[in-house]
Amino acid sequence: MDQRISIVTLGTDDMARAVAFWEAMGWPRKAKAFESIAMFQAGGMALAIYPFDKLAEDCGMTDRGPGFGGFTIAYNARSREEVDAILAKAVACGGTLQKAAHKAFWGGYSGYFLDPDGHPWEVAHNPFLSLADDGSITLPD
C-alpha cells in the first residue's frame, strides 16, 4: 500500500451551511459535477463534505456516539500569527473556538476550532517541521 491519504470526508447535517463555511474560509469548491458531495482541493489531497446519514450508511455505521470521535484534522501554519489569524477567521465564518492558541507542551503553538458540524481542527505552528511552498510537510527520520 502506498503511503498517502487521498480524501478526508466529513459528515454534515447541513450541506449548504458546511459548503458556505469552507468557501468563506477561502476554499473554492471543486469537482462541482458531483452534486451530492462537496469537494475542496487541500494541497495534494481533498477535503470532502457529504451528508452525515449517507456517509454513515456507506461505511455501515449508524450511531454517531457522544463526544470526541477520536480524531482531529490539523492545518500547519507558517507562523504563530497565522495560527491566530486562521482561528479568528474560522470563528468569523461560523466555527467555534474550542481551545485558544497557546504555547503547546511539545514546543509549538496551537489552538483548535470546531467547524459548524463539530469536527475538531487543530491550527498549529510547528517549528520542528518545515513547510514546502505548496504547504506540504516532510517528516524527519
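The structure holds one cavity of 30 Å³ or more, where a cavity is a set of points, on a 1 Å grid over the protein atoms alone, at which a 1.4 Å probe fits but cannot get out. The largest cavity contains about 40 Å³ of space, a volume being the space filled by probe spheres set on the points, with grid points joined across faces, edges and corners. Its lining, made of residues that have an atom within 4 Å of a point, consists of L10, G11, T12, A18, W22, I49, D115, P116, D117 and H119. Strand 1 (7-12) and helix 1 (15-24) are the elements that give two or more residues to this lining, and strand 1 gives the most, with three residues. Helices (H or I, at least four residues) and strands (E, at least two) are DSSP runs, numbered from the N terminus.

This is a predicted model, in which local features need pLDDT of at least 70 and side-chain atom pairs count only at pLDDT 80 or more, while totals for chains, interfaces and linings use all residues. Residues are numbered from 1 along each chain as its sequence is written, and side-chain values use heavy atoms, with hydrogens and water left out. The mean pLDDT (the predictor's confidence in each residue, from 0 to 100) is 91 for the protein, and 98% of its residues reach 70 or more. Confidence is lowest in helix 2 (residues 52-58), at a mean of 89, and highest in helix 3 (residues 80-92), at 98.

Where does S110 lie, and is S110 buried or exposed? S110 belongs to strand 7 (residues 109-114), and S110 counts as buried because its relative accessible area is 3%; buried means under 20%, exposed over 50% and partly exposed in between, with a 1.4 Å probe and protein chains only. Beyond its neighbours within four places in sequence, S110 is in contact (heavy atoms within 4.5 Å) with A100, A101, H102, A104, E122, V123 and A124.

K30, in strand 2 (residues 29-30), is partly exposed because its relative accessibility is 43%. Residues up to four places away in sequence aside, K30 touches M39 and Q41, and the C-alpha atoms of K30 and F40, ten residues apart along the chain, are separated by 5.4 Å.

As for cysteines, C59 is partly exposed at 48% relative accessibility, and C93 is partly exposed with a relative accessible area of 22%. A search of the whole structure finds zero disulfides (pairs of cysteine sulfur atoms within 2.5 Å).

Key
On a 1 Å grid over the protein atoms alone, a cavity is a set of points where a 1.4 Å probe fits but cannot get out, and a pocket is an open set with protein on both sides within 12 Å along at least five of seven lines; lining residues have an atom within 4 Å of a point.
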